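Please examine the sequence and the three-dimensional structure shown below. The paragraphs that follow lead from the annotated residues to the ligand and then to the annotated domain.

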Amino acid sequence: MTYPFQITAHQGQARTGVLKTPRGDIPTPIFMPVGTAATVKALTLDMVKQAHAKIILGNTYHLMLRPTAERVARLGGLHKFMGWNGPILTDSGGFQVMSLSKISKVKEDAVTFQSHIDGSRHILSPERSIEIQADLLGSDIVMQLDECVSWPAEEKRAREALQLSARWGLRSKQAFGTRDTQALFGIQQGSTFEHLRRESTERLLDIGFDGYAIGGLAVGEGHEAMCETLDYSAPLLPWDRPRYLMGVGKPIDLLEGVARGVDMFDCVLPTRSGRHGQVWTWDGPLNMKNARFAEDNTPLDAESDCPASRDYSKAYLHHLVKSEEILGQMLLSWHNIAFFQALMIRIRAAITAGTFDALRADLLSRWKTKDA
Ligand SMILES: NCc1cc(CSc2ccccc2)c2nc(N)[nH]c(=O)c2c1
């Protein structure tokens with residue numbers, strides 16, 4: 001079904017609103033923590049909720065391999081299995097097949113691949129991906145199966161992939177059928193070619209989806225090329241439907257994506273970088289392994305409502321990371337998830353207040369030289 005999506009304010013292309021789902025309202029722009037194997041790594045769902053996350057992501061590729069989608073279904077579906085009663089978005093699995101599986105073949109009918117876990121052979125067709133996501137896992141927002149080409153891509157290759165993705169999008173919609181509690185998103189492809197992004201969008205709009213994702217970015221093209229592509233590819237998508245930039249990104253990517261009209265983001269960065277000692281702050285990223293924190297008694301962010309940000313000294317976090325203590329991975333992941341949510345909360349408030357341009361300028365000046 002097409003979830004109600006109300007845009008309550010906008011400043012240029014940047015917009016803020018609410019996507020209303022049967023499992024709860026999602027304020028936009030929103031950052032969605034990735035819960036690949038039915039867990040947001042190193043965090044309990046209470047910590048994820050306390051960080052103000054409203055929707056999390058599941059991964060078809062990982063869950064179909066282990067514990068298998070059929071087992072999750074027998075155990076009541078993904079929400080019950082992991083104990084999350086908010087909305088869940090799942091990816092269709094094709095992207096992870098190409099990036100993780102051992103041997104994979106893309107054919108018109110389906111992708112065939114061998115599991116990176118045990119080498120077992122699997123088939124992922126548009127129909128099978130919809131069955132896994134919508135029927136077995138019970139995902140609220142379902143993604144079509146698509147083909148994402150790596151970057152840089154030959155124009156001919158990028159065209160073939162967008163056209164295959166469009167044919168798979170139609171098959172995904174036919175398999176999805178009419179459902180009154182779940183939504184199906186199409187995925188725009190076309191690499192960094194404007195005329196291919198246009199062609200992809202036209203094909204998706206002919207089919208018609210409940211929301212539209214921008215795929216094929218943050219695959220090595222770099223921040224500037226991603227922004228240039230978003231300049232024209234985001235506004236091509238319907239103004240009144242959610243726009244989801246897949247697998248993006250760093251705080252500066254979120255800020256610049258919002259400025260270009262993107263509503264939804266996801267990335268493993270907050271938890272993955274947290275596990276490796278990196279924390280994200282309003283003044284850019286910090287590496288807690290750095291000796292300068294060894295006797296720094298100040299917290300990461302005294303103003304935060306997240307205990308990981310407010311109640312522990314950098315000296316203690318430095319000690320945990322140097323000692324490779326599990327608590328270090330937990331607290332830094334928790335802080336990072338909370339920071340990404342706090343960034344989106346500030347962005348939403350600024351768009352509503354008409355101060356988004358000022359917030360954007362302030363953050364860009366703080367982050368410009370810090371790989372934020
Ligand atoms: N930014 C690279 C990227 C990442 C993902 C994965 S986003 C994700 C990851 C885990 C769980 C849910 C969504 C993608 N997924 C699809 N289907 N298509 C893409 O072009 C693409 C590009």
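**The annotated residues and their surroundings**

D91 has a relative accessible area of 11% and is therefore buried; buried means under 20% relative accessible area, exposed over 50% and partly exposed in between, with a 1.4 Å probe and protein chains only. The model is predicted, so that local features need pLDDT of at least 70 and side-chain atom pairs count only at pLDDT 80 or more, while totals for chains, interfaces and linings use all residues. Residues are numbered from 1 along each chain as its sequence is written, and side-chain values use heavy atoms, with hydrogens and water left out.

D91 belongs to strand β6, residues 88-91; strands (E, at least two residues) are DSSP runs numbered from the N terminus, as are helices (H or I, at least four). Not counting residues up to four places away in sequence, D91 touches G58, T60, Q96, Q133, M143 and M246, where contact means heavy atoms within 4.5 Å.

In an unreviewed UniProt entry, the annotation "active site" covers D91 and D266. These residues are spread over 176 residues of sequence, yet they cluster in space, with a largest C-alpha distance of 10.8 Å. UniProt positions are given in the numbering used here, feature names are shortened, and annotations may be inferred rather than shown by experiment.

D266 lies in strand β14, residues 264-267. D266 counts as buried because its relative accessibility is 8%. Its contacts, leaving aside neighbours within four places in sequence, include F31, L57, Y244 and M246. The side chains of D266 and Y244 are joined by a polar contact of 2.8 Å; such a contact is a pair of N or O atoms within 3.5 Å, and within protein one must be able to donate a hydrogen and the other to accept it, with residues adjacent in sequence counting only if both atoms are side-chain atoms.

Which residues are closest to the ligand? Of the 20 residues that surround the ligand, the closest are D91, D146, G216, L217 and M246; the criterion is a heavy atom within 4 Å. A polar side-chain atom of D146 is 2.7 Å from a nitrogen atom of the ligand. A polar backbone atom of G216 lies 2.8 Å from a ligand oxygen atom, and a polar backbone atom of M246 lies 2.7 Å from a ligand nitrogen atom.

Finally, the unreviewed UniProt entry lists residues 13-367 as "domain: tRNA-guanine(15) transglycosylase-like". Over residues 13-367 the chain is 45% helix and 18% strand, and the end C-alpha atoms are 22 Å apart.
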